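Please read them with the coordinates open.

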Amino acid sequence: MEQHRESNQLVVGVDDKISVGKAFLLGLQHVLAMDLYIAPIIIAGLLTMDASSTSFFIQMCFLATGIGTLIQTGFGLRLPVVQGPSYVPIGALAAIGSKLGMGAMIGSMIPGALFVALMGYPLKWFAKAVRKFIPPLVGGTVIIIVGIALMPTGMGNIYHSPGNIWTNILIAAVSAGVLVICMLLGTRAKVAGAFFRLVSVLIAIFVGTVTAAFFGTVDFSPVGQAPWLSMPKLFPYGAPVFDLSAVLTMLFVYMIIMIETTGTWFVVSTVTNSELTEERLNRGAVGEGLGCFVGALFGGTPTTGYSSNAGLIAVTGVGSRMAIMAGGLILIALGLVPKLSAAITCIPEPVINGIFGIVCVAIVANGIKVIQNITIDDRTMMVIGLPILLTMAVTVLPKDALAGVPDFVNYILSSGITVGALATVLLNVFIPEGKKNRAKVPQQQPVSN
């Protein structure tokens, strides 16, 4: 066990038994560090929802992600993966909902979710597709792309948060600095260091929020206005409508989501030293599909494994499934108790995004770990470098440039991660690989769980 933990730098292993109280404490910091409500807020804004509908929509996303996390961590992939609303389908869902109505938006999500689950079992196609199209070179590059693509989002949220920009930067810097100090303490001391690393995110959030309060940018009044209990409803926007073009669009979007989430699984596999066997990959596809299906049932959005939380495992050294499942229960509670979800959304954006920036650094570092044993020649340089270039090109692309393009193209170009992931897969397939290099690329061998 000691050698295992030393090799992957985990303080708490994947299947280690921990107390219920410790599990909920460690799970709470995963929930607090997530930007769960950002994607639903963007979609709600694009669909011109009123305040009440937006609040309900966010709650249903919390509920769906909590259930999805329990499914994935407990029965699907069986690794510490936190599910969250995917950013990939934002443009597609908003366009479908605006043009065809909420019923069509929900209806477009259901067939694709079920198809993803069927790819895992009984078809067992997903693991074969991963082995063929997402080898370590592609998986590691996608991880790097995710980290790089998310960095401007975090920094932009700091700059555009309400209040003075330099105050926001200071609050973010304090939050990020405290997290880095806690991480470094975790590598210097045995007992006290382990404690600081375990709860590093909670400490950073607390210090950052206190700093923000000193500048008068913390407002918890929405907590008092929120009700205590709100029960979920099946198909809250009415019976689902199955429009063929919308269903086909979302089916394509789901394939992109699966590339994104597989990159997250590569991160988790790397930081926890857990093998991604064919059986585990197929179970993961089932868990992903069922989680997305639950999101559709309750009026939420498609869910995906969150790379930020995978990065958080590397930051804190906590790879416990028990902690992540406790986080899933907390997410369900947030979906049922509006006061709790309101409290989470009151944490100042500069605090969350300052921490988020450090997490992105951890994601990129773990992507580099995945590809570190691969020989970098002209081919691999193009497979790694060109997708990163395209990701940044799409990330800085002016939004008004997409105004006149077809919807399908708009869906793709609205996400730098989507473009980068697609480019990585296609370049790896179409750029021929030399015989000499084939022998040097490490192959993952399936082992029993």
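Which residues make a nonpolar surface patch of about 440 Å²?

1. The patch is made by Ile-376, Met-381, Met-382, Leu-386 and Leu-389. Patch residues have over 30% relative accessible area and no salt bridge, with nonpolar side chains (Val, Leu, Ile, Met, Phe, Trp, Tyr) joined within 5 Å and like charges within 9 Å. A salt bridge here is a side-chain nitrogen of Lys or Arg within 4 Å of a carboxyl oxygen of Asp or Glu. Areas come from the Shrake-Rupley method with a 1.4 Å probe, and for residues only the protein chains shown count as cover.

2. This is a predicted model, in which local features need pLDDT of at least 70 and side-chain atom pairs count only at pLDDT 80 or more, while totals for chains, interfaces and linings use all residues. Residues are numbered from 1 along each chain as its sequence is written, and side-chain values use heavy atoms, with hydrogens and water left out.

3. Ile-376 sits in the loop between α18 (349-371) and α19 (378-395). Helices are DSSP runs (H or I, at least four residues), numbered from the N terminus. Ile-376 counts as exposed because its relative accessible area is 52%; the classes are buried under 20%, exposed over 50% and partly exposed in between (1.4 Å probe, protein chains only).

4. The largest nonpolar core has 116 residues, of which Phe-126, Met-250, Tyr-254, Trp-265 and Ile-355 touch the most other members. Helix α13 (residues 244-272) gives the most to this core, with 13 residues. Apart from it lies another core, of 10 residues, including Phe-56, Met-60, Ala-64 and Ile-332. A core is a set of buried Ala, Val, Leu, Ile, Met, Phe, Trp, Tyr and Cys residues joined through side-chain atoms within 4.5 Å.

5. Leaving aside neighbours within four places in sequence, Ile-355 is in contact with Ser-175, Leu-179, Val-201, Ala-204 and Ile-205. Contact means heavy atoms within 4.5 Å.

6. Two residues other than glycine deserve a backbone check. Phe-235, in the loop between α12 (221-225) and α13, has a positive phi near 50°. Asn-273, in the loop between α13 and α14 (278-297), has a positive phi near 55°. Phe-235 counts as partly exposed because its relative accessibility is 29%, and Asn-273 is partly exposed at 49%.

7. The peptide bond from Tyr-121 to Pro-122 is cis, with omega near 10°. Pro-122 lies in the loop between α6 (102-120) and α7 (126-133).
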